[in-house]
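Work through the following exercises with the model open beside you, and try each task before reading its solution.

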Amino acid sequence: MQLTCANIWYLLTHRSFLIVLLIVNFLGTLYGYYWYGGQLAVTDPIFYIFVPDSPTASLFFCFVLVAWILGKSWPLMEALALITLVKYGVWADVMNIWTLIETGSIGGQGWMLVASHFAMAAQAVIYMSKYTFKLWHVGVAAVWTLHNDVIDYVFGQMPMYRDLEAYTNYIGYFTFWLSIICISLAVFSVKRRNHLPK
């Protein structure tokens with residue numbers, strides 16, 4: 001059988017594949033929250049929800065997948081998932097490669113994080129044409145995302161990368177503009193969808 005874009009999209013949106021993707025994302029989410037256990041142990045409870053950025057992003061996508069599997073859509077979760085999966089997927093890869101440059105090694109776990117976070121961002125982009133969110137959903141997701149940046153870099157709750165502590169101000173600046181780019185990607189997704197033939 002000839003492999004075409006239509007065939008690939010059929011596979012990617014098939015209920016069975018979405019169930020497998022849900023299981024993978026759910027397990028990754030659980031591992032992500034476990035990975036943040038050490039930081040959460042020394043975090044003021046008021047900040048708990050803002051600390052585990054990547055697993056919360058994949059949790060948003062789990063809700064999206066559940067809705068799709070049930071033949072429904074959850075637009076706000078879609079907007080949150082697209083923005084945060086791309087943001088924290090790219091962010092974590094940049095931080096790990098930066099750590100590699102600084103230290104010369106990131107070990108097996110570091111490379112696992114690079115691969116898994118790349119996959120996070122990639123899946124969010126791959127499904128862009130399936131999203132149903134509107135601009136107001138993007139607005140709500142943007143508030144969440146930028147507020148999270150404030151909590152991270154004003155209140156000092158950013159993920160711990162001890163080898164990069166000297167660059168915290170630069171990382172905060174990079175993170176803000178990465179948020180803007182990801183929010184703009186979501187806006188582009190809406191605009192593009194609005195201009196497609198009905």
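Predicted model: local features only at pLDDT ≥ 70, side-chain atom pairs only at ≥ 80, totals over all residues.

**Exercise 1.** Determine in which hand H4 passes H5, and describe how the two helices pack.

*Solution.* The crossing of H4 over H5 is left-handed, a term for the near helix being turned anticlockwise from the far one by less than a right angle. Helix H4 covers residues 53-69 and helix H5 residues 75-103, and they pack at an angle of about 140° with their axes 8 Å apart; axes are lines fitted to C-alpha atoms over the stretch in contact, and angles run from 0 to 180 degrees between N-to-C directions.

Residues are numbered from 1 along each chain as its sequence is written, and side-chain values use heavy atoms, with hydrogens and water left out.

**Exercise 2.** Which residue meets Lys87 in a salt bridge, and are the partners buried or exposed?

*Solution.* A salt bridge requires a side-chain nitrogen of Lys or Arg within 4 Å of a carboxyl oxygen of Asp or Glu, and the count comes to two. Lys87 meets Asp149 at 2.4 Å, N to O, and this pair links helix H5 to helix H7 (residues 135-154), 62 residues apart. Lys87 counts as buried because its relative accessibility is 0%, and Asp149 is also buried, at 8%, where buried means under 20% relative accessible area, exposed over 50%, and partly exposed in between (1.4 Å probe, protein chains only).

How values were computed. Helix = DSSP H or I, 4+ residues; strand = E, 2+ residues; numbered from the N terminus.
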